[in-house]
Amino acid sequence: MRTSRLLSVCAHRNFFSLSDWRSFDRCDAERRDPEWIASQLKSDAAQAYVLHRGKFVAPPQNSDPEDPFGHKKQLLWAQPAVGRFDAAATFLLGVDAASRAPLFVNLRAASESTDDVCRDGAQALDARPVLMALEPDSAARACHAYTLATWHESASFCGFCGAPTAPMKGGTERRCTKKACGKSTYPRTNPVAIMAIVSPDGRQMLLGQTRVRHKNNMYSTLAGFIDQAESLEDAVRREAFEEAGVRIGDVAYHSSQPWPFPGNLML
């Protein structure tokens, strides 16, 4: 009989995860008050990430010849710039649990040109290398910003009637503006099974290679999206068979990791 086991990995921490979830408050109760959110946007301690067409926009700063790709650049904008952002396109991520400093993400319209967005020395940076170069806690918060902004960019129209939607609760909801509809939609997370398939003696691991990675001689563990009405264990078995033609038995859960390209949860 095939079984699954839940491993005790409470101390394990994956990349894009905070070292302590209690260090950051997503303000589920407070964000229901528009006036409170507006006050946070005016706070002297407010900071924000800025995204445009899938890239982080770093604030003006001195260039570093030893860092041509911007991996070490400061991504966060501070006041007075944050207070001038369009409030309708600036979404609350949460507040630092210790200092209560609010953190936002501002989404610039795709219709704006890069030159307009990157005035006065600001720089647009590719998200993937920037996120991978940050220290873990900073990467976790930037991952949150990137994922939320990406969802807002794809959810500006109602999936039921096609009317425009408007952000609610500081950005954790979008609601249809058509009174006859009024449907709400919420940030989407796509579950993905990623698996280390090991031999019975535990000495070998099955790795795969895509056509893109073949050029770089890179290999990786197998992974695939979990289908509707499918358990995590069955998804692992199905993906292993579809991608490599192998059948596996016991499935042991290890841990989970957010993956912001664009909004997945690796299990």
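**Pocket lining and aromatic contacts**

H5 contributes the most residues to the lining of the second largest pocket, namely seven. The model is predicted, so local features need pLDDT of at least 70 and side-chain atom pairs count only at pLDDT 80 or more, while totals for chains, interfaces and linings use all residues. Residues are numbered from 1 along each chain as its sequence is written, and side-chain values use heavy atoms, without hydrogens and water.

The second largest pocket has a volume of about 840 Å³. Among its 33 lining residues, Phe16, Arg26, Ala140, His144 and Pro258 are the closest to the centre. A pocket here is an open set of points on a 1 Å grid over the protein atoms alone, where a 1.4 Å probe fits, with protein on both sides within 12 Å along at least five of seven lines; lining residues have an atom within 4 Å of a point. The volume is the space filled by probe spheres set on the points, which are joined across faces, edges and corners. Helices (H or I, at least four residues) and strands (E, at least two) are DSSP runs, numbered from the N terminus.

Six aromatic pairs were counted. Rings of Phe, Tyr and Trp (its six-membered ring) pair if their centres lie within 6.5 Å; planes under 30 degrees apart are stacked, over 60 edge-to-face, and the rest tilted. Trp77 and Phe85 have ring centres 6.2 Å apart and planes at 70°, so this pair is edge-to-face. Both residues are buried. Buried means under 20% relative accessible area, exposed over 50%, and partly exposed in between (1.4 Å probe, protein chains only).
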